[in-house]
Amino acid sequence: MSGELIRIVAVIIVAAVFVTALRTRLGEYSFVLVLAVVSIVLVVIFGNLFGAISKLNDLFYKSGNAAVYFITALKALGISYITTFAADICRDFGLSALAQASEIAGRVAIFLLSLPLMTAVLQAAMKFVGL
C-alpha cells in the first residue's frame with residue numbers, strides 16, 4: 001500500500017497544480033478535474049480497504065463478539081468521511097452554507113445510526129440494576 005500511497009499523493013499534487021492553473025482560465029473545468037481525481041483516488045483506496053474490512057468482520061464473527069457493533073462503527077466512519085468530503089468540496093467552491101448542511105446531515109445520520117446501540121446499552125444497564 002505504501003507504493004500506491006506515493007502514487008496517489010503524486011496524482012493529487014499534479015491535479016492540484018492543474019486545478020490551480022485551470023481556475024484562472026477555465027474555472028468550470030477545474031471542478032470536473034477535482035471530481036475525476038477524487039473519484040479515481042477513492043476507487044483505489046476503497047479497493048484496498050474492503051479486503052481489510054472483510055477480514056476484520058470475519059474475525060469479529062468468529063470470535064463470538066457482536067459483529068453488529070463493528071458494522072455500525074464502520075457505517076458511522078463512512079458517514080463522517082462522506083459528509084466531510086462533501087463539506088470540503090463545498091467550501092472549496094465558496095459554498096459554506098451547503099458545507100454546514102452536509103455536516104449537520106452527517107451528524108444526524110450518525111445519531112440515528114447509534115440509536116439502536118444506545119437502546120441496547122440502556123436496556124442492559126437497566127437489567128443490571130434490576131429495573
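Two residues are in contact when they have heavy atoms within 4.5 Å of each other. With that in hand, take L33: leaving aside neighbours within four places in sequence, L33 is in contact with A15, F18, V19 and L22.

A word on the ground rules. This is a predicted model, in which local features need pLDDT of at least 70 and side-chain atom pairs count only at pLDDT 80 or more, while totals for chains, interfaces and linings use all residues. Residues are numbered from 1 along each chain as its sequence is written, and side-chain values use heavy atoms, with hydrogens and water left out.

**Confidence**

pLDDT is the predictor's confidence in each residue, from 0 to 100. The protein has a mean pLDDT of 85, and 96% of its residues reach 70 or more. Helices here are DSSP runs (H or I, at least four residues), numbered from the N terminus.

How far apart are the end C-alpha atoms of helix 1? They are 35 Å apart, which agrees with the 34 Å that its 24 residues (2-25) should span at 1.5 Å a residue; the expected span is 1.5 Å times one less than the number of residues. Helix 2 has 37 residues and reaches 53 Å from its first C-alpha to its last, close to the expected 54 Å.

Accessibility is sorted into buried (under 20% relative accessible area), exposed (over 50%) and partly exposed in between, with a 1.4 Å probe and protein chains only. In helix 1, the buried residues are I8, A15 and V19, and what covers them includes helix 2 (27-63). In helix 2, the buried residues are S30, V34, V37 and V41, and these pack against helix 1.

| Residue | Relative accessible area | Class |
|---|---|---|
| L33 | 26% | partly exposed |
| F31 | 33% | partly exposed |
| T72 | 13% | buried |
| S102 | 13% | buried |

L33 sits in helix 2. Its C-alpha lies 24 Å from that of Q100, 67 residues away in sequence. F31 is also found in helix 2, and its C-alpha is separated by 9.2 Å from that of I89, 58 residues apart along the chain. Beyond four places in sequence, F31 is in contact with I89 and F93.

T72 belongs to helix 3 (residues 67-92); setting aside neighbours within four places, T72 is in contact with L113 and L117. S102, found in helix 4, touches T83, A86 and A87, again not counting residues up to four places away.

**The largest pocket**

On a 1 Å grid over the protein atoms alone, a pocket is an open set of points with protein on both sides within 12 Å along at least five of seven lines, for a 1.4 Å probe; lining residues have an atom within 4 Å of a point. The largest pocket holds about 870 Å³ of space. Helix 1, helix 2 and helix 3 are the elements that give two or more residues to its lining. Which residues lie nearest the centre of the largest pocket? Of the 27 lining residues, these are V38, L42, I45, F46 and F85. Helix 3 gives the most to the lining, with 11 residues. By class, the lining has 21 nonpolar, 2 polar and 4 charged residues.

Note on methods:
Points joined across faces, edges and corners; volume = space filled by probe spheres on them. Nonpolar A, V, L, I, M, F, W, Y, C, P; charged D, E, K, R; others polar.
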